[in-house]
Amino acid sequence: SFFAKAQTNSNYEVLKNIPYYPESTRSSDNYIKEQCVLDIYKPIGKTNAPVIVWFHGGGLTGGTKNIPKALLDYGYLIVSVEYRLSPKVKAPAYIEDAAASTAWVFQNIATYEGNAKQIFLSGHSAGGYLAMMLTMDESWLLKQNIANDRIKACIPLSPQVITHFTIRAENNIINTQPVIDKYAPMNFIKANTPVIIDITGDRELELLGRYEENAYFVRMMKLAGNKNISLYELQGFSHGSMNLPGIHLMYQEIDKILNKK
């Protein structure tokens with residue numbers, strides 16, 4: 001059954017550092033060449049596997065595409081994306097990278113036995129923010145000739161939905177000053193989106209009011225008539241520690257989506 005965990009990570013074949021930009025883009029930019037790659041964790045013996053595109057956290061200034069091992073517990077195909085980081089680049093470079101890598105997955109994942117009709121976007125913190133930007137502002141994927149209604153669901157873990165604090169820092173705005181502009185998922189409130197399951201940690205333990213901004217975002221989406229959105233608060237878990245229970249909750253929600261009769 002779905003919750004029968006993969007016995008060991010040796011059930012996976014790992015393909016590392018696959019470039020997701022065309023050669024022409026890579027040859028003209030060394031940072032893109034070294035940074036804009038992804039890893040594929042391919043469940044051995046599975047065909048047509050559901051796909052999770054995972055964006056790592058690290059405040060858009062750090063972090064690595066090494067994944068939490070819990071992502072491999074359920075036998076799904078995982079694509080872990082590396083993207084350019086501030087301060088080497090500024091907004092929207094990392095959002096463009098998220099879009100380019102996601103488009104690459106839509107176009108190529110069938111070759112790796114992934115199901116291009118079952119692509120889920122996720123990530124923790126800054127990674128959740130990137131997943132949410134692609135889901136809320138369809139222009140990023142449209143530039144890559146991908147309609148964002150092809151996203152099966154977006155399930156971010158503790159995302160920023162106001163403008164990310166690093167983008168604010170790039171513009172000399174302090175991290176307690178909220179901003180909602182074109183780099184905020186909250187700027188794109190609307191009735192029709194892919195399914196969004198928004199997961200945060202405990203409001204008292206989270207980073208900077210992270211639960212409250214997500215709660216406000218979800219409330220506005222519902223007021224706009226969006227029937228595709230829900231919010232979970234993982235009580236007792238901080239911004240960092242919510243990752244593990246968040247991943248298990250994500251798989252439970254994906255299971256519901258895939259097994260809808």
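Let me begin with helix 8, whose buried residues pack against strand 3 (49-55), strand 4 (77-81), strand 5 (114-124), strand 6 (153-157), strand 7 (195-201) and strand 8 (229-234). Contact here means heavy atoms within 4.5 Å, while helices (H or I, at least four residues) and strands (E, at least two) are DSSP runs, numbered from the N terminus.

Before I go on, please keep in mind that this is a predicted model, in which local features need pLDDT of at least 70 and side-chain atom pairs count only at pLDDT 80 or more, whereas totals for chains, interfaces and linings use all residues. Residues are numbered from 1 along each chain as its sequence is written, and side-chain values use heavy atoms, with hydrogens and water left out.

Which residues of helix 8 are buried? They are N243, G246, I247, L249, M250, Y251, E253, I254, D255 and I257, where buried means under 20% relative accessible area, exposed over 50%, and partly exposed in between, with a 1.4 Å probe and protein chains only. As for its length, the helix has 16 residues, 243-258, and at 1.5 Å a residue it should span 22 Å, which agrees with the 22 Å between its end C-alpha atoms; the expected span is 1.5 Å times one less than the number of residues.

Turning to the cysteines, a search of the whole structure finds zero disulfides, a disulfide being a pair of cysteine sulfur atoms within 2.5 Å. C36 is buried at a relative accessible area of 1%, and C154 is buried as well, at 0%.

Now to the backbone, where the background is that most residues other than glycine have a negative phi, and most peptide bonds are trans.

S125, although not a glycine, has a positive phi of about 60 degrees, and its place is in the loop between strand 5 and helix 4 (126-136). S158 has a positive phi near 55 degrees and lies in the loop between strand 6 and helix 6 (165-170). Are these serines buried or exposed? S125 is buried, with a relative accessible area of 7%, and S158 counts as buried at 0% relative accessibility.
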